[in-house]
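Me: I would like to learn how to read some geometric features of a protein model. Please give the general idea each time, then the case at hand.

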Amino acid sequence: MSEPEAQHEISPELPGGQDRPPRLEPPRPKKPGSSRGIWIGIAGGLAIAGIAAVTILPGGGGDKPPVVGEESTLEVLIPADINGALPTLDPGTSKAAVDDAKNCKAPLAWVTLTQRNGHGGMVRIRSGQYLSPPIKLTPAPQRVAIPYPAPYPVGRGVLTLVGEADQVGFFLTPGGIQDVNGTYSINVRWQVRNPCPS
């Protein structure tokens with residue numbers, strides 16, 4: 001009897017002359033990399049969920065304040081803009097800083113302030129020993145000049161926004177700060193370079 005016939009012979013032990021159940025084949029080995037598709041799907045789902053969370057959750061995205069310890073970048077006020085920036089500076093306490101900037105010893109910096117969502121209020125900026133005059137916030141962005149909060153060659157310092165306004169847009173790189181009510185400090189850094197490039 002050939003092998004195929006042997007597989008279907010009638011068994012005397014089974015009642016009613018039933019056929020034997022066919023032999024089961026061993027499971028095929030998995031192809032290498034077959035689980036890779038599953039992992040790619042999981043990673044893609046997590047990425048989409050993360051993007052959705054940043055988009056949907058309030059305060060997500062670029063408008064959130066930098067994390068504690070994270071530093072924002074303070075930008076240099078170019079020499080050609082110094083005279084235009086004088087009205088935003090306190091004339092009594094900023095004279096030395098303005099003279100240093102005009103004489104290419106140390107530049108001035110600037111930040112942008114705006115009032116968000118129609119709220120109002122006054123704020124001041126503390127930069128090292130310097131305290132700005134009160135600044136009336138408006139929906140239109142205002143560029144405010146300030147001396148650096150530490151000696152220019154140090155490259156790091158702390159700015160503090162002081163006031164009772166809320167929904168303040170205090171823009172640095174990266175991100176902006178909003179919902180400030182009272183005092184808010186932020187670590188800043190800057191690139192030390194020639195204050196008056198030729």
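Me: How much space lies in the largest pocket?
Reply: Rolling a probe the size of a water molecule over the atoms shows where empty space is left. Here the largest pocket holds about 230 Å³ of space. A pocket is searched on a 1 Å grid over the protein atoms alone: it is an open set of points where a 1.4 Å probe fits, with protein on both sides within 12 Å along at least five of seven lines, whereas in a cavity the probe cannot get out. Grid points are joined across faces, edges and corners, and the volume is the space filled by probe spheres set on the points.

Me: What kind of model is this, and how are residues numbered?
Reply: The model is predicted, so local features need pLDDT of at least 70 and side-chain atom pairs count only at pLDDT 80 or more, while totals for chains, interfaces and linings use all residues. Residues are numbered from 1 along each chain as its sequence is written, and side-chain values use heavy atoms, with hydrogens and water left out.

Me: Which residues are closest to the centre of the largest pocket?
Reply: Lining residues have an atom within 4 Å of a pocket point. There are 14 of them for the largest pocket, and Ala97, Asp100, Pro147, Tyr148 and Ala150 are the closest to its centre. Helix 4 (residues 95-102) gives the most to this lining, with three residues.

Me: How many helices and strands are there?
Reply: The protein chain has four helices and eleven strands. Both are DSSP runs numbered from the N terminus: helices are H or I with at least four residues, strands are E with at least two.

Me: How many aromatic pairs does the count come to?
Reply: A pair of aromatic rings is described by the distance of the centres and the angle of the planes. Rings of Phe, Tyr and Trp (its six-membered ring) pair if their centres lie within 6.5 Å; planes under 30 degrees apart count as stacked, over 60 as edge-to-face and the rest as tilted. The count by this rule is two aromatic pairs. Tyrosine 148 and tyrosine 152 make an edge-to-face pair, 5.2 Å centre to centre with 65 degrees between the planes. Tyrosine 148 and tryptophan 190 form a tilted pair, because their centres are 4.7 Å apart and their planes stand at 55 degrees.

Me: Why does the pair of tyrosine 148 and tryptophan 190 tie together parts that are apart in sequence?
Reply: Tyrosine 148 lies in the loop between strand 7 (142-146) and strand 8 (156-163), and tryptophan 190 in the segment after strand 11 (182-189), so the parts tied together are 42 residues apart in sequence.

Me: Is tyrosine 148 buried or exposed?
Reply: Buried means under 20% relative accessible area, exposed over 50%, and partly exposed in between (1.4 Å probe, protein chains only). Tyrosine 148 counts as buried because its relative accessibility is 9%. Tyrosine 152 is buried at 7%, and tryptophan 190 is buried as well. Of the 198 residues of the protein chain, 31% count as buried.

Me: Where does arginine 143 lie?
Reply: A charge sits over a ring if NZ of Lys or CZ of Arg is within 6 Å of the ring centre and within 35 degrees of the ring normal. Arginine 143 lies over the face of tryptophan 110, at 4.0 Å from the ring centre.

Me: What is phi of cysteine 104?
Reply: Most residues other than glycine have a negative phi. Phi of cysteine 104 is near 60 degrees, a positive value. Cysteine 104 is in the loop between helix 4 and strand 3 (108-115), and it is partly exposed, at 33% relative accessibility.

Me: Which residues does glycine 182 touch?
Reply: Contact means heavy atoms within 4.5 Å. Not counting residues up to four places away in sequence, glycine 182 touches Leu161, Val162, Gly163 and Glu164. Glycine 182 is in strand 11 and counts as buried at 12% relative accessibility.
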